[in-house]
Amino acid sequence: MNVTERQHHIGVARGEVGRYVFLPGDPGRCEPIARLFDDPKLVAKNREYETWTGYLDGEMVSVTSTGIGCPSAAIAMEELVKVGADTFVRVGTSGAMQPDIRVGDLGVIQGAIRDEGTSSHYLPMEFPAVADLELTRALAIGARSTGKTVHIGISQSKDSFYGQHEPGRMPVAARLQERWHAWMAGGAICSEMEAAALYIVAATLRVRAGGIMKIFGHWDQAPMTEEELAQEGLGDLLAAAIAGMREMIAQDRAAVAK
Amino acid sequence: MNATELQHHIQLKAGDVGRYVLLPGDPGRCEPIAQLFDDPVKVASNREYETWTGTLDGEKVSVVSTGIGCPSASIAVEELIKIGADTFIRVGTSGAMQPDSFTGELAVITAAIRDEGTTSHYLPMEFPAVADPQVVFALADAAKTLGHPYRLGVSQSKDSFYGEVEPDRMPMAEQLHRRWDAFVAGGAISSEMEAAAIFVISSIHRVRAGGIMRMWLDGTDDTDPHMEKLLGTAVQALRNLIRDDKAGMSWP
């Protein structure tokens, strides 16, 4: 496929997105993120993929939704790289996996558990799904600038939302529960559904990926209180993600200047 | 086993080592590394595990050899954690995996390919073997300060040395080649034999680990056989961590 053509699924052509791209899962989150850019414009909308482009500190940046799960997230990243993107920040919500992690905290995802079916089409399971650490550092700096409690660690990237939230009703319940406990014992901080594929695909394409999540859900699946549900707003998360991307842009500019 | 008792394999007890431990594979490298500490003392030597303890900037630090491979490295780390160590830097040599690498370049390991049999006794294979980012940047900053070329990236932790260097004579030759090519395509920068176990066990115990390797590109000459750049960088990274810990800095 020629890069000047519109990509098959995301409907975007070269020149329409920046190097720097935010990746929420939900298309409904693209516009609120784009409103934090200068001069945001809707570029394309097809299936679960919605793309907006604008500027941060004079640098062209974009936001593209991935849809839920690694299969659609891998497609988004593959096609965005074909049109020139090389720095990706996954942004979204995730459930806590440690008792000391609270609803409303921020998690910066340094590596991901490949508990999904997409990344094994790229690399053997022994290969770690790891974020770009320079980008991880920039996101951690952005997260700390919000004053929220920040956790840096590993996320579980799962393929089944209901397998995590209602494991007891699955025929493979015992396996799901045993593995969940193993991930917690290993120190995993949060559970989400896209990071592993994004990190593995990024490794094979030699581009940078990182992730920042707002914790929304308890480690023991306890229902959230009214007070916690009232924290659903993503203002802190988006402020942290934007600050982290600005930090990365500044570091890239400093490296070029050198 | 009580921490005040001697640990079974490393023959050390609480107080014999510092929080900060360098982990070479070769027992023969412990003494040269310890000579970079202040007041180094040999503390124990049993099997492949040799231990020296000294100080850096007034803080107690140690060097313990792991022997070759994840099985013996996992024992060293488990027993060191039991007696109070909580910060590990693997230090050693490795094969370069990217064509633009060169002999003498340093690899600061961010994560490891679990191409070994030890870590699956701890966690399912889907779990990533990752280094602690604070240790990673302490190492990168040390290399930068000292002016030594380095790169950040993923390391292959393998169980078979000869499976890597002489794959063609193995009955599994085809699979070994295919997987090696996949790891290179995934961007792996170095091939060694212990990082995956050190990282996974450190995650489980909530302690910090990282690794720095001196890379050797097949068919090229060794330019620094005494590894002064590698060892100097590792020691400088320990100083960076000691400074930041004393200041109570949370990373980054």
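Colleague: What is the orientation of H3(B) and H7(B) to each other?

Modeller: H3(B) and H7(B) are oblique to each other. This is read from a predicted model. In general, a pair of packed helices is described by the angle between the axes and by the distance between them. Here, the axes of helix H3 (residues 133-146) and helix H7 (residues 228-246), both of chain B, cross at roughly 125° and come within 8 Å.

Colleague: In which hand does H3(B) pass H7(B)?

Modeller: The crossing of H3(B) with H7(B) is right-handed. Among the residues making the contact are B:Ala138, B:Leu139 and B:Ala142 of H3(B), and B:Ala237, B:Asn240 and B:Leu241 of H7(B). By class, the contact residues are nine nonpolar, five polar and three charged.

Colleague: Turning to the two chains, how many residues of chain B are in contact with chain A?

Modeller: 35 residues of chain B contact 34 residues of chain A. About 2800 Å² is buried between the two chains, and carbon and sulfur atoms give 68% of that area. On the chain B side, B:Glu126, B:Phe127 and B:Pro252 lose the most area to chain A, together 21% of what that side buries.

Colleague: Is A:Gly107 buried or exposed?

Modeller: A:Gly107 has 0% relative accessibility, and therefore counts as buried. A:Gly107 lies in strand S6 (residues 106-115) of chain A. Leaving aside residues up to four places away in sequence, A:Gly107 touches A:His151, A:Ile189, A:Gly211, A:Ile212 and A:Met213.

Note on methods: Residues numbered from 1 in each chain as written. Chains lettered and ligands numbered in written order. Predicted model: local features only at pLDDT ≥ 70, side-chain atom pairs only at ≥ 80, totals over all residues. Heavy atoms only, no water. Axes fitted to C-alpha atoms, helices over the stretch in contact; angles between N-to-C directions. Helix = DSSP H or I, 4+ residues; strand = E, 2+ residues; numbered from the N terminus. Parallel < 35°, antiparallel > 145°, perpendicular 65-115°, else oblique. Left-handed = near helix turned anticlockwise from the far one by under 90°. Contact = heavy atoms within 4.5 Å. Nonpolar A, V, L, I, M, F, W, Y, C, P; charged D, E, K, R; others polar. Buried < 20%, exposed > 50% of the residue type's maximum accessible area, 1.4 Å probe, protein only. Buried area = accessible area lost by both parts, 1.4 Å probe.
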